[in-house]
Amino acid sequence: MPAVSIPSPAGARRPGRPRSQKARSAILAAAAHLIDEQGLRAISMDEVAERAGVSKATIYRWWPSKGSLALEVFLDQVLQSQQPLPDQGSLRRDLLAHVTAVARSYGQTATGRLLADLIGELPADRELGTTLRSRVIEPIRTHNRLIFERAIARGEMRRSVDTDVAMDMIYGAIWERLLVQHGPLNERFARNLVEIVLIGLEPRPSPVQTVKN
């Protein structure tokens with residue numbers, strides 16, 4: 001997945017005794033395996049505690065809900081899979097590299113399945129929604145604005161374009177395929193999406209004024 005500066009999971013620690021790195025790693029590994037095997041909705045904190053070899057109280061001391069634990073598993077996976085996103089020299093190439101990497105990550109790895117599970121938990125867990133926005137969505141959007149800023153500086157994109165809406169178009173299409181699964185998240189999809197988005201971003205020719213003799 002493209003490199004994004006995501007707040008460290010350590011920033012979400014709850015008050016209490018210092019976290020044991022060994023126990024934390026065991027809990028996250030157990031949760032990741034169980035989620036991959038059964039899906040987030042099917043697992044319980046009891047199963048995670050048993051698999052990790054810790055008490056359920058230990059888990060709840062650090063994560064108040066199953067969703068918050070799953071979010072930290074997701075963040076660990078994202079941080080481990082980060083790849084640099086260099087300036088490709090043009091808006092088309094920048095977007096194609098980024099959208100292809102995201103589509104591949106969400107469509108072909110456990111990261112995408114876990115993100116879909118997390119989104120499914122949002123209606124019942126408002127705190128999870130707030131944390132997901134602050135620790136995942138906003139850092140990603142802030143990072144992606146750099147692509148548009150470079151394009152504007154190169155004269156490839158109109159300054160009047162609402163970049164938030166542009167990102168909604170890109171991620172809305174990706175997340176719909178992730179959640180509804182009506183089509184694959186693959187390179188062909190990424191290319192088609194980028195070409196459609198570019199139509200709305202690229203500069204438009206100035207109207208030609210007719211000079212009357």
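**Exercise 1. Determine whether Q181 is buried or exposed, and state where Q181 is found.**

Solution. Q181 has a relative accessible area of 65% and is therefore exposed; the classes are buried under 20% relative accessible area, exposed over 50% and partly exposed in between, with a 1.4 Å probe and protein chains only. Next, Q181 is located in the loop between α8 and α9, where helices are DSSP runs (H or I) of at least four residues, numbered from the N terminus. Finally, the backbone of Q181 shows a positive phi of about 60°, although the residue is not a glycine.

The model is predicted: local features need pLDDT of at least 70, side-chain atom pairs count only at pLDDT 80 or more, and totals for chains, interfaces and linings use all residues. Residues are numbered from 1 along each chain as its sequence is written, and side-chain values use heavy atoms, with hydrogens and water left out.

**Exercise 2. Describe how α8 and α9 pack against each other.**

Solution. Two packed helices are described by the angle between their axes and the distance between the axes. Helix α8 spans residues 163-180, and helix α9 spans residues 187-201. Their axes are 10 Å apart, at an angle of about 155°; axes are lines fitted to C-alpha atoms over the stretch in contact, and angles run from 0 to 180 degrees between N-to-C directions. That angle makes α8 roughly antiparallel to α9 (under 35 degrees is roughly parallel, over 145 roughly antiparallel, 65 to 115 roughly perpendicular, the rest oblique).

The contact (heavy atoms within 4.5 Å) involves A166, M169, I170, A173, I174 and R177 of α8, together with F189, L193, V197 and L201 of α9. By class, these residues are nine nonpolar, no polar and one charged; Ala, Val, Leu, Ile, Met, Phe, Trp, Tyr, Cys and Pro count as nonpolar, Asp, Glu, Lys and Arg as charged, and the others, Gly among them, as polar.

**Exercise 3. Classify the two aromatic pairs of the structure.**

Solution. Rings of Phe, Tyr and Trp (its six-membered ring) pair if their centres lie within 6.5 Å; planes under 30 degrees apart count as stacked, over 60 as edge-to-face and the rest as tilted.

1. The ring centres of W62 and W63 are 5.9 Å apart and the planes stand at 90°, so this pair is edge-to-face. W62 is buried at 6% relative accessible area, and W63 is buried at 2%.
2. For Y171 and W175, the centres are 6.4 Å apart with planes at 85°, so the pair is edge-to-face. Y171 and W175 are separated by about one helical turn because they lie four residues apart in α8. Y171 is buried, at 11% relative accessible area, whereas W175 is partly exposed at 23%.

Terms used
Helices (H or I, at least four residues) and strands (E, at least two) are DSSP runs, numbered from the N terminus.
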